[in-house]
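Keep the sequence and the structure side by side while reading.

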Amino acid sequence: MIAAARVAVMDLGLAGRVYLVTGGSKGLGFATAKALVDDGARVVISSRTKENVDAAVSLLGDGAAGVVGDNAEPELAMRLVAEAKDRFGRLDGMLVSVGGPPLGTVLDTPEDAWTASFEAVFMGTLRLARAVAAELGDGGAIAFVLSTSVREPIEDLAVSGGLRPGLAMVAKMLAGEVGPRGVRVLSVLPGTFATARNTWLNDDAERTAHEAGIPLRRVGRPEEFGRAAAFLLSPAASYITGSPVLVDGGVTTAL
């Protein structure tokens, strides 16, 4: 008689843990929130409109709560921390996901667009990270959702290319500061994913041309990013910190 084969299931250790996910109502943020909840964690998501927050929380179920707010708001960080503690009694980490900066070149992007993006993307992320890092203990984790523009330029994304490499360095330096407490900090660098932001993917010709430059010959599915991010936030990734982790189908040519 042949014994039935055993299937090993990797336990990420997420059950009962609580995470904040900004920009968590759609796209890569929502995909990460869903992956966390599906694996037993609870989440507090944020987004700029009540309609989007309510819709996402409804889809995520009892393991989710929501806060309406913009990453550029100085008080958002403390509101998220308070909601996590009041609703779920603890806080174990955060994924900082922000909307993409406007398109444009270095010369053509107006100064007010640079300033607004710096406040929302850079300072918003920094405030959130500082506030949450102060609350975390051994086993806590913070991940910044950045871009492959950390490694190499992307045409017409001058603001992203100007701000995101700086945030990757912030993550690296913060990892060194909080590491002795057992807290991890890293950045996740997504390539092209089939999200609402990438509406051009609906054009078959543009999509085919873009996918030809990706080694896996396709754009990513949001849930693929979500699973990777959930793993990086989880105790299963307990020795990964300070690193910028590419989730891009191999499109980045830089090491």
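The paragraphs below take the fold, then the cores, then the surface.

The model is a predicted one. Its chain holds 7 helices and 7 strands. Read from the N terminus, these elements follow the order β-α-β-α-β-α-β-α-β-α-β-α-α-β. The radius of gyration is 18 Å, close to the 18 Å that the globule rule gives for 255 residues, so the chain is as compact as a globular protein of that length. Along the principal axes, the C-alpha atoms fill a box of roughly 60 × 55 × 40 Å. Among contacts between residues at least 6 apart in sequence, 69% join residues at least 24 apart.

Of the 255 residues, 46% count as buried. The largest nonpolar core has 38 residues, and those with the most contacts inside it are Leu20, Val44, Val132, Ile142 and Phe144. Several elements give two or more residues to this core, including strand E1 (18-22), helix H4 (111-133), strand E5 (141-145) and helix H5 (158-178). H5 supplies the largest share of the core, 9 residues.

What does Phe144 touch beyond its neighbours within four places in sequence? Its contacts there are Val96, Thr125, Ala129, Leu167, Val170, Ala171, Leu186, Ser187 and Val188. A second, separate core has 31 residues, among them Leu36, Leu186, Ala229 and Leu232.

Conventions. Residues numbered from 1 in each chain as written. Predicted model: local features only at pLDDT ≥ 70, side-chain atom pairs only at ≥ 80, totals over all residues. Heavy atoms only, no water. Core = buried A, V, L, I, M, F, W, Y, C linked by side-chain atoms within 4.5 Å. Buried < 20%, exposed > 50% of the residue type's maximum accessible area, 1.4 Å probe, protein only. Helix = DSSP H or I, 4+ residues; strand = E, 2+ residues; numbered from the N terminus. Contact = heavy atoms within 4.5 Å. Rg over C-alpha atoms; globule rule 2.2 N^0.38 Å.
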